[in-house]
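These are my notebook entries on one protein chain.

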Amino acid sequence: MKLQLALDLVNIPEAIELVKEVESYIDIVEIGTPVVINEGLKAVKEMKAAFPNLTVLADLKIMDAAGYEVSQASQAGADIITILGTAEDQSIKGAVEEAKKHNKKILVDMIAVKDIETRAKELDELGVDYICVHTGYDLQAVGKNSFEDLATIKSVVKQAQTAIAGGIKQETLTEVIKHQPDLIIVGGGITSKEDKQAVAREMKELIQLG
Ligand SMILES: O=C([C@H](O)CO)[C@H](O)[C@H](O)COP(=O)(O)O
């Protein structure tokens, strides 16, 4: 199980400072959608330049023009690029094909997918690298989480790695670990804390205990 730090509510210098604090405890750093909207793919480029050995995920949440957007993010230095599970199969195929050309990976975000089981099976067959269940900020605000959805995708996915995102905190990490996803994505659970390094370290230790 790997730990991904999601950076959503920061600018580029703040993102780089934050990663300096927790670099030893994370496997992947995510340039979150709000950061890409505010700063563009420059944020991915600068993060990769600052931490060449760290895997960088660009959370583009692609919906269309997938091949083109994956190619742009790849050229900016992203190692993993996200596309939405609700995108057309043609877009998913375009993303997978383009990512392969650049030796990059595709993570599918299942946010707002209604039939998680059926779509996860289809996406797995389309050859994506990760399938990620995700409770976005707007549903976190009304008390939802993705633990059941994680169990669902774990039961049907054969080839892709599984991931979970959305409101995961130290207090809920043990529940997440029980389901053994390949990737655990944490944003505010680390970034909103006073001592980010201590929280990241404790989360990493729990994950390693598995
Ligand atoms: O993808 C995300 C969200 O849609 C905003 O872009 C977050 O990165 C993801 O939810 C993880 O962040 P937390 O929910 O704060 O853990």
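The entries below record each look-up in turn.

**Basis.** I worked from a predicted model, in which local features need pLDDT of at least 70, side-chain atom pairs count only at pLDDT 80 or more, and totals for chains, interfaces and linings use all residues. I numbered residues from 1 along each chain as its sequence is written. For helices I took DSSP runs of H or I with at least four residues, for strands runs of E with at least two, numbered from the N terminus.

**Entry 1: H1 and H3.** I began with helix packing. Two packed helices are described by the angle between their axes and the distance between the axes. Axes here are lines fitted to C-alpha atoms, for helices over the stretch in contact, and angles run from 0 to 180 degrees between N-to-C directions. Helix H1 (residues 12–22) packs on helix H3 (residues 42–50) at about 30°, and the axes are 10 Å apart. H1 is therefore roughly parallel to H3; I used the classes roughly parallel (under 35 degrees), roughly antiparallel (over 145), roughly perpendicular (65 to 115) and oblique (the rest). The crossing of H1 past H3 is right-handed. A crossing is right-handed if the near helix is turned clockwise from the far one by less than a right angle, and left-handed if anticlockwise.

I then listed the contact, counting two residues as touching if their C-beta atoms, placed from the backbone, lie within 7 Å. H1 contributes Ile12, Ala15 and Ile16, and H3 contributes Ala43, Glu46, Met47 and Ala50. By class, the contact of H1 with H3 holds 6 nonpolar residues, no polar ones and 1 charged. In this scheme Ala, Val, Leu, Ile, Met, Phe, Trp, Tyr, Cys and Pro are nonpolar, Asp, Glu, Lys and Arg are charged, and the others, Gly among them, are polar.

**Entry 2: H4 and H5.** H4 and helix H5 (residues 89–101) pack at about 30°, with axes 7 Å apart. H4 and H5 are therefore roughly parallel to each other, and H4 passes H5 in a right-handed crossing. I found Ala66, Gly67, Val70 and Ser71 of H4 meeting Ser91, Gly94, Ala95, Glu97, Glu98 and Ala99 of H5. This contact of H4 with H5 divides into 4 nonpolar, 4 polar and 2 charged residues.

**Entry 3: H6 and H8.** Helix H6 (residues 116–125) meets helix H8 (residues 147–156) at about 40°, with axes 9 Å apart. That angle makes H6 oblique to H8. The crossing of H6 past H8 is right-handed. Ile116, Glu117, Ala120 and Lys121 of H6 make the contact with Asp149, Thr152, Ile153 and Val156 of H8. I counted 4 nonpolar, 1 polar and 3 charged residues in the contact of H6 with H8.

**Entry 4: the core.** Which residues have the most contacts inside the largest nonpolar core? They are Ala58, Val108, Ile131, Cys132 and Ile164, in a core of 65 residues. I took a nonpolar core as a set of buried Ala, Val, Leu, Ile, Met, Phe, Trp, Tyr and Cys residues joined through C-beta atoms within 7 Å. Strand S3 (residues 55–62) gives the most to this core, with 5 residues. Leaving out residues up to four places away in sequence, Ile131 touches Val108, Met110, Ala120, Leu123, Asp124, Ile153, Val157, Ala160 and Thr162.

**Entry 5: Ile31.** Ile31 lies in strand S2 (residues 28–31). Ile31 counts as buried because 31 C-beta neighbours lie inside 10 Å; the classes are buried (20 or more other C-beta atoms within 10 Å), exposed (12 or fewer) and partly exposed (in between), with C-beta atoms placed from the backbone. The C-alpha atoms of Ile31 and Leu57 are 6.1 Å apart, across 26 residues of chain. Beyond four places in sequence, the contacts of Ile31 include Leu7, Val36, Ala43 and Ala58.

**Entry 6: Thr191.** Thr191, in helix H10 (residues 188–191), is buried, with 21 other C-beta atoms within 10 Å. Not counting residues up to four places away in sequence, Thr191 touches Leu7, Leu18 and Lys196.

**Entry 7: positive phi.** Ala65 is not a glycine, yet its phi is positive at about 50°. Ala65 sits in the loop between S3 and helix H4 (66–76) and is partly exposed, with 13 C-beta neighbours inside 10 Å. Gln180 also has a positive phi, near 55°. Gln180 lies in the loop between helix H9 (170–178) and strand S8 (183–186), and 11 C-beta neighbours inside 10 Å make Gln180 exposed.
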